[in-house]
Amino acid sequence: MHVTRFSEAPHYEAPNHFDMRCLRLQGKEAGPSTQMWMGMSQVLPGGRTGLDGSPMEKLYLVLEGELHIVGELEGAHQEDVLLPYDSCRFAPGEKRQLENRSNRPVLVALVMATAPPG
């Protein structure tokens, strides 16, 4: 068993993330997980990610606030809004963008593999 206390969760910088504070809860520098990692981000009002793809599947869970999401896969474009306890999966290779269009911070959890399937 490996416990990470929230008060000790390491901060990490993610590329193309703007006005966001990201913490690693499990995996990578937060612990010994070999297959996946878990993070949590606070997205400030106006904060967002770029519309970027990744070879890894990504799972998001909104804990607080209202998060606008965009997905693009094989030419198909989707947009939606996640409220507390709503979740979303982005497929491997799917472009995704997260955006806080509200005046309140958003708290969102992320789980993804440490490496692409192979």
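R101 and E79 form a salt bridge, with their closest N and O atoms 3.9 Å apart; the term stands for a side-chain nitrogen of Lys or Arg within 4 Å of a carboxyl oxygen of Asp or Glu. Because R101 sits in the loop between β8 and β9 while E79 belongs to strand β6 (residues 76–82), the pair ties together parts that are 22 residues apart in sequence. Strands here are DSSP runs of E with at least two residues, numbered from the N terminus. The model is predicted, so local features need pLDDT of at least 70 and side-chain atom pairs count only at pLDDT 80 or more, whereas totals for chains, interfaces and linings use all residues. Residues are numbered from 1 along each chain as its sequence is written, and side-chain values use heavy atoms, with hydrogens and water left out.

R101 also meets E99 in a salt bridge, at 3.2 Å between the closest N and O atoms. How exposed are its members? R101 is partly exposed, with a relative accessible area of 46%, and E79 is partly exposed at 49%. E99, at 22% relative accessibility, also counts as partly exposed. Buried means under 20% relative accessible area, exposed over 50%, and partly exposed in between (1.4 Å probe, protein chains only).

The search of the whole structure finds four salt bridges. One of them joins the side chains of E29 and R24 (2.9 Å, N to O). Here R24 is buried, with a relative accessible area of 7%, whereas E29 is partly exposed at 46%.

How values were computed. Helix = DSSP H or I, 4+ residues; strand = E, 2+ residues; numbered from the N terminus.
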